[in-house]
Each structure stands twice: as C-alpha cells, then as structure tokens.
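Okay, thanks everyone, let's get going.

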Amino acid sequence: MAIQIESQIPIGNQDIRLDEIEIRLLLEGIYQYYGYDFRDYSFPSLRRRLWNRVRAEQLENISALQEKILHDESTLQRLLLELSVTLTSLFRDPSFYTSVRDSVIPHLKTFPFIRIWHVGCSTGEEVYSLAIMLQEAGIYDRCLIYATDMNPHVLQKAKDGIYSMERMKEYEKNYLASGGEGDLSDYYVSDSQNAIFNSRLRKKVVFAIHNLAVDRVFNEFNLIFCRNVLIYFNKPLQDRVHSLLYQSLSQQGVLGLGSMESLNLTPHQTCYKQVDHQSKLFRRIR
Ligand SMILES: C[S@@+](CC[C@H](N)C(=O)[O-])C[C@H]1O[C@@H](n2cnc3c(N)ncnc32)[C@H](O)[C@@H]1O
C-alpha cells in the first residue's frame with residue numbers, strides 16, 4: 001500500500017514513520033477482521049480522523065486504538081462514524097439538478113424502464129431530491145432506484161426520510177433554484193422539529209449496503225450519481241471505483257459527479273462526453 005504523507009510534522013511526540021506503520025497495521029487489522037477497507041482512503045484526512053478517535057477514546061497512540069478496536073466492536077462503530085464524512089443536503093448544488101432536469105430527464109423519458117444508482121447516498125437527501133424530480137417529470141413509477149452506502153447508520157436515516165425543519169428554508173431555496181415546479185413542503189409533513197418525507201418518494205427505492213472498496217458491479221444503470229465520495233479516496237481506489245461505475249453504466253448512460261470531482265486522468269476519461277458545459281454530468285459514449 002502506497003501511503004502519501006501530508007506533512008512531516010508528527011502529531012504530539014509521535015515519530016512520523018512509526019505513525020505511518022501503526023496506521024497501516026490498524027487498517028490491515030480492520031480489513032482482515034471486519035472487512036471494512038480503508039487502506040486506500042486519502043491519507044491526510046484519514047490520519048487526522050484516526051488521531052481524533054485516539055484522543056476521544058483517551059488512548060496514547062494508534063496501536064492502542066488498534067487493540068481496542070480488534071477486541072471491541074463498539075469502538076469500531078465509533079470509528080466508522082468518525083471516518084464517514086456524511087455531509088449532504090437536498091438539491092445540493094442546484095445548478096447540477098437544473099442540468100439533470102433539462103438534459104438528462106428527457107433522455108430517461110425515452111425508456112420504458114429506468115434504473116438509477118445513488119452511490120454513497122449518505123442520509124438520503126440526494127435520493128429524495130431526484131425522486132421529487134422524477135415524480136414531477138411523470139416517470140417515477142417507471143424507475144427502479146438503488147441507494148447504497150457502506151455505512152448502515154446513515155442508510156437507516158435515508159430509509160426514515162426524516163430531516164430537521166431547521167434546514168428546510170435552505171432546501172426550499174435549493175429546490176426552487178433547481179427549477180422545482182411546486183412547493184417543497186408538498187413532499188413532507190412536519191411536526192415542530194422535523195420534516196417527514198412522503199413514503200411514496202421511496203416506493204421505488206432499494207436501500208442497501210455497498211462498499212466501493214470491496215464490492216462489485218451488481219446491475220446496469222441508465223443514471224448513476226456518485227457525488228462527493230471519490231474525493232475521500234486515493235488515486236488507486238478512485239481508479240477502481242471509476243472502472244466499477246463505467247461497467248455499471250449502460251451505453252448512453254449518465255454519470256453525475258460532485259462539483260470537485262472529475263474524470264480527468266481516470267482510466268475511462270475518453271469513454272464519456274460532458275452533457276453540458278456547466279455541470280458534472282457525463283454521458284457514456286463508448
Ligand atoms: C459526503 S457524503 C456524500 C453524500 C451525497 N452523495 C452528496 O453528494 O451529498 C459521502 C458518503 O460516502 C460514503 N462512503 C465513503 N466511503 C465509501 C465506500 N467505500 N463505499 C460506499 N460508500 C462510501 C460515506 O459513508 C458517506 O455517506
């Protein structure tokens with residue numbers, strides 16, 4: 001495993017080379033024993049998060065964390081929460097959704113049956129956003145949607161579809177900026193604290209665990225969203241995931257990436273054409 005060191009500054013009195021060895025051993029142990037593979041995550045942020053956990057568990061070093069994790073699964077669960085960056089929102093980057101409405105949905109409408117995959121869907125806001133658009137376009141009932149993540153905690157939240165009312169103003173703005181035709185509140189009921197999204201929006205959604213570092217292709221899709229996930233991986237893992245996404249897309253299928261992600265220098269760069277100039281949507285052309 002090739003690990004790049006972000007900085008040569010040791011954390012505390014810890015020798016940097018020893019730190020790297022301990023982290024490598026910890027990640028190997030987690031992979032061998034629990035099957036979670038973080039060995040090819042971007043090293044600088046991984047290292048920072050591991051040390052956060054060392055401190056939170058009131059331990060001395062990474063080796064002590066390794067011992068605790070291997071003998072106590074609840075420590076692993078806490079680490080998983082630390083390592084997953086689950087930040088997301090409804091209609092995140094509204095202009096991306098405008099392009100989906102204008103340039104992707106008309107193409108999807110030509111199919112009698114539409115398969116969609118949300119990769120790394122986190123707590124599901126992205127899934128509900130697209131479901132609303134599909135419903136407004138009148139094609140939701142023709143869709144089968146897979147929403148996957150490696151983290152079971154966030155998947156449960158995605159299934160529940162309950163989000164804080166505090167964020168609904170921002171989400172309503174995003175929805176309208178994306179070209180939303182109604183009122184976002186048409187899609188949820190609220191109590192004093194939460195917006196509870198209509199269960200009709202998940203009628204066609206299968207929520208499932210899928211880990212991009214270890215799992216394989218499982219279907220062929222007309223549309224895949226893999227947004228704000230690849231940024232956390234190193235280049236070999238990014239390349240693995242790009243191959244998996246490419247193999248999972250049908251001819252003329254569309255891949256949506258996050259605003260900081262691209263296909264440049266990936267093995268399949270030349271197999272896609274950008275759907276329009278402003279958005280990170282790419283059509284598979286070969
Ligand atoms: C920042 S969130 C992105 C959520 C959503 N796609 C968006 O753009 O708003 C990243 C998600 O990727 C998931 N993730 C990280 N590593 C993964 C892996 N190896 N396999 C599947 N999901 C992963 C995390 O659990 C997290 O929910």
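I'll go from the domains to one helix and then to the ligand.

Quick housekeeping: this is a predicted model, where local features need pLDDT of at least 70, side-chain atom pairs count only at pLDDT 80 or more, and totals for chains, interfaces and linings use all residues. Residues are numbered from 1 along each chain as its sequence is written.

So, the chain splits into domain 1, 16–83, and domain 2, 94–284, with bounds from an automatic or database domain assignment. Their centres, taken over C-alpha atoms, are 30 Å apart. Nine residues from domain 1 and nine residues from domain 2 make the contact, meaning C-beta atoms, placed from the backbone, within 7 Å. On the domain 1 side, helix 2 (43–56) and helix 4 (73–83) each give two or more residues; helices here are DSSP runs of H or I, at least four residues, numbered from the N terminus.

Now helix 3, residues 62–71. Which of its residues are buried? Ile 62, Leu 65, Gln 66 and Ile 69, where buried is 20 or more other C-beta atoms within 10 Å of the residue's own, again placed from the backbone. They sit on the same side of helix 3 because they cover an arc of only 105 degrees around the axis, going by the directions from the helix axis to the C-beta atoms. And they pack against helix 1 (16–34), helix 2 and helix 4.

Last, the ligand. There are 22 residues around it, and Thr 88, Gly 120, Ser 122, Arg 227 and Asn 228 come nearest; the cut-off is a C-beta atom, placed from the backbone, within 6 Å.

Methods:
Contact = placed C-beta atoms within 7 Å. Buried ≥ 20, exposed ≤ 12 C-beta atoms within 10 Å, placed from the backbone.
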